[in-house]
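Here is a short report for a first look at this protein chain. Keep the sequence and the 3D view side by side while reading.

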Amino acid sequence: MMIGDFNSCQAKDSENDTEYNANDIRELLEIGFIEAWESHQEDDSRYTWWSNYGTGFRLDYLFISKSLNTKMDIYHENHTKNHVGDGWLSDHCSLIAALAG
């Protein structure tokens, strides 16, 4: 399992069809990793970061093996503002996952 900010996206993962290091994402999928949002999406909110211009991008991913994907109990993206006190915790959405068993 790999989770985090990959600073990469395919055209389908950006509002303006921009690709950033898309080959890295494709290589992970080609060797058999599953992108958890594609497999367990709860809604249409595919973006996890927005530029200062308001353009949405999916830069944060959870890649999981086929065997662990069958044990995925919860996958959620928190799209609320991530701040603590007066400061920002992150400008990206939080990814939350839980495996059963």
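## A strand pair to start from

This is a predicted model. Begin at Ile-34, whose bridge partner in β5 is Ile-64. Ile-34 falls in strand β2, which covers residues 34-35. Strands β2 and β5 pair in the antiparallel sense, over two bridges.

Strand β5 also pairs with β1, residues 2-5. Four bridges join these two strands, and they run antiparallel.

## Strand β5 under cover

How many residues of β5 are buried? Five of its five are, so to speak, out of view: the strand, residues 60-64, is mostly covered.

Its residues point two ways. Asp-60, Leu-62 and Ile-64 point one way from β5. Tyr-61 and Phe-63 point the other way. Both sets are buried. In a regular strand, side chains alternate between the two faces of the sheet.

## Helix α1 and its buried face

Helix α1 spans residues 22-30. Its buried residues are Ala-22, Ile-25 and Leu-28. Seen down the helix axis, the buried residues of α1 fall within an arc of 125°, so they line one face of the helix.

What do the buried residues of α1 pack against? They pack against β1 and β5. After α1 comes Gly-32, whose phi is positive, near 110°.

## The whole chain

The protein chain has three helices and nine strands. Read along the sequence, they follow the pattern β-α-β-α-β-β-β-α-β-β-β-β.

Of the chain's 101 residues, 34% count as buried. The accessible surface comes to about 6200 Å². Carbon and sulfur atoms account for 49% of that surface. Take the contacts between residues at least 6 apart in sequence: 61% of them join residues at least 24 apart.

## Confidence in the model

The chain averages a pLDDT of 85. A score of at least 70 is reached by 87% of the residues.

Which elements have the highest and lowest mean pLDDT? Helix α1 has the highest, at 95. Strand β7, residues 82-84, has the lowest, at 54.

Note on methods: Residues are numbered from 1 along each chain as its sequence is written. This is a predicted model: local features need pLDDT of at least 70, side-chain atom pairs count only at pLDDT 80 or more; totals for chains, interfaces and linings use all residues. Side-chain values use heavy atoms; hydrogens and water are left out. pLDDT is the predictor's confidence in each residue, from 0 to 100. Buried means under 20% relative accessible area, exposed over 50%, partly exposed in between (1.4 Å probe, protein chains only). Two strands pair if DSSP finds at least two bridges between them. Contact means heavy atoms within 4.5 Å. Accessible areas come from the Shrake-Rupley method with a 1.4 Å probe; for residues, only the protein chains shown count as cover. The arc is that of the directions from the helix axis to the C-beta atoms.
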